[in-house]
Amino acid sequence: MDVEAAKMIGAGIAVIALMGVGVGIGNIFSTLIASIARNPAARGEVFGIGILGFALTEAVALFALLIAFLILFA
Amino acid sequence: MAGSSAPTEGGFPSPVEQFHLLEMINIDVAGLNLSFTTSAFYMMATAVLVGVFLVQSMKGRHLVPTRLQSMAELSYEFVAGMVRENVGSEGRPYFPFIFSLFMFILVGNLFGMLPFGHYTYTFTSQIIVTFAMAMAVFIGVTVIALMKHGLHFFSFFFPSGAPVYMAPLLIPIEILSYLSRPVSLSVRLFANMMAGHTMMKVFGTFVVLLGAFGVAPMVVLVALTGFEILVAVLQAYVFTILTCIYLNDALHLH
């Protein structure tokens with residue numbers, strides 16, 4: 001198989017991991033919205049932690065993307 | 001990142017070409033290439049900008065702050081609040097370090113959003129830079145913990161309240177997750193910056209390739225640039241708050 005083709009296929013398979021990240025981020029924000037709906041006064045506190053959780057989950061997405069880029073370009 | 005210069009479709013260079021460094025002043029010390037690159041230039045520019053901003057804005061020391069002074073006070077209060085909440089009053093001696101870390105990463109990330117490809121550079125998109133910062137935090141926090149708690153520090157790896165027979169399973173896992181902290185801290189920042197800029201480059205290529213229909217990728221590119229600015233600020237915040245959390249772990253074992 002051509003090296004370029006193998007690289008493309010590898011990069012494509014590597015980003016399947018983003019499926020889990022999508023579920024995770026959706027989970028975080030759905031709980032965030034539900035908790036603000038239950039108790040609107042908690043918005044300030046909960047929002048900071050929610051954004052922190054989002055950034056940490058996004059990091060996992062970027063680990064997967066990093067592997068894809070490494071396969072594709074290096 | 002050894003990105004090849006091989007042209008991709010349409011004769012464009014590879015999207016990782018933007019991470020190649022331009023040597024501004026060539027310094028060669030006994031075979032080691034210690035040139036002053038764009039990365040070093042932007043690190044200096046960040047330090048100078050933050051320093052000048054803070055000194056100049058606080059020059060008047062008005063009781064009712066002017067606009068510039070208000071900006072400096074806001075950033076101070078933001079980081080001070082972060083340290084106070086996450087570390088407590090014992091974290092105050094470490095506040096200058098955490099503030100410098102936050103401002104350095106924030107301004108460094110934002111400098112990367114400037115255009116003029118070859119002459120601007122995001123120094124946080126280099127793994128060695130983020131790794132150095134993460135290692136500084138990790139080693140600093142471990143040394144602080146060892147100095148404060150001595151050998152009792154190793155009880156950190158065995159959470160109290162867990163049954164003793166779980167120890168052989170729990171302790172290696174805890175140690176491994178502790179050792180992976182600098183890795184995750186550095187790769188998070190590095191991957192966010194590198195992936196973001198690479199995506200912007202790829203969409204930019206689409207805009208040119210599609211010609212007249214390039215309006216569609218252009219709209220996405222505008223949204224992506226806005227998102228990248230958000231990510232720049234967010235990643236600085238996340239790096240700093242994780243540093244505060246690790247410091248809290250060191251100062252108060254659990």
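Modeller: Let's start with a term we will need: two residues are in contact if their C-beta atoms, placed from the backbone, lie within 7 Å. We are looking at a predicted model, where local features need pLDDT of at least 70 and side-chain atom pairs count only at pLDDT 80 or more, while totals for chains, interfaces and linings use all residues. Residues are numbered from 1 along each chain as its sequence is written, with chains lettered from A and ligands numbered from 1 in the order in which they are written.

Biologist: Thanks! How many residues of chain B are in contact with chain A?

Modeller: On the chain A side, twelve residues take part. Their partners in chain B number 15.

Biologist: Which helix gives the most to the side of chain B that touches chain A?

Modeller: Helices (H or I, at least four residues) and strands (E, at least two) are DSSP runs, numbered from the N terminus. Two helices of chain B, α6 (181–210) and α7 (215–251), each supply at least two residues to that side. With six residues, the biggest contributor is α6(B).

Biologist: And how many nonpolar residues does that side have?

Modeller: Ala, Val, Leu, Ile, Met, Phe, Trp, Tyr, Cys and Pro count as nonpolar, Asp, Glu, Lys and Arg as charged, and the others, Gly among them, as polar. On the side of chain B that touches chain A, five residues are polar and one is charged. The nonpolar residues there number nine.

Biologist: Let me turn to chain A by itself. What is its radius of gyration?

Modeller: Chain A has three helices and zero strands, in the order α-α-α from the N terminus. Its C-alpha atoms fill a box of roughly 60 × 15 × 10 Å along the principal axes. The radius of gyration is taken over C-alpha atoms, and the globule rule is 2.2 Å times the number of residues to the power 0.38. A compact globule of 74 residues would come out near 11 Å, but chain A has 17 Å.

Biologist: What percentage of chain A is buried?

Modeller: A residue is buried if 20 or more other C-beta atoms lie within 10 Å of its own, exposed if 12 or fewer, and partly exposed in between, with C-beta atoms placed from the backbone. Of the 74 residues in chain A, the buried ones make up 8%.

Biologist: What pattern of elements does chain B follow?

Modeller: Chain B has seven helices and four strands, and buried residues make up 28% of its 254 residues. Read along the sequence, its elements follow β-β-β-β-α-α-α-α-α-α-α.

Biologist: Why is Ala195(B) classed as buried, and which residues of chain A does Ala195(B) touch?

Modeller: Ala195(B) lies in helix α6 of chain B. It counts as buried because 21 other C-beta atoms are within 10 Å. Not counting residues up to four places away in sequence, Ala195(B) touches Leu62(A), Leu65(A), Leu66(A) and Phe69(A).

Biologist: Is Phe227(B) buried, partly exposed or exposed?

Modeller: Phe227(B) is found in helix α7 of chain B. It has 14 other C-beta atoms within 10 Å, so Phe227(B) is partly exposed.

Biologist: At what angle do α4(B) and α6(B) cross?

Modeller: Among the residues making this contact are Phe131(B) and Phe138(B) of α4(B), with Leu185(B) and Leu189(B) of α6(B). By class, the contact has ten nonpolar, two polar and one charged residues. Axes are lines fitted to C-alpha atoms, for helices over the stretch in contact, and angles run from 0 to 180 degrees between N-to-C directions. The two axes come within 8 Å and cross at roughly 145°.

Biologist: One last thing: near what value is phi of Arg61(B)?

Modeller: Arg61(B) sits in the loop between α1 (38–57) and α2 of chain B. With 7 C-beta neighbours inside 10 Å, Arg61(B) counts as exposed. Its phi is positive in a residue other than glycine, with a value near 50°.
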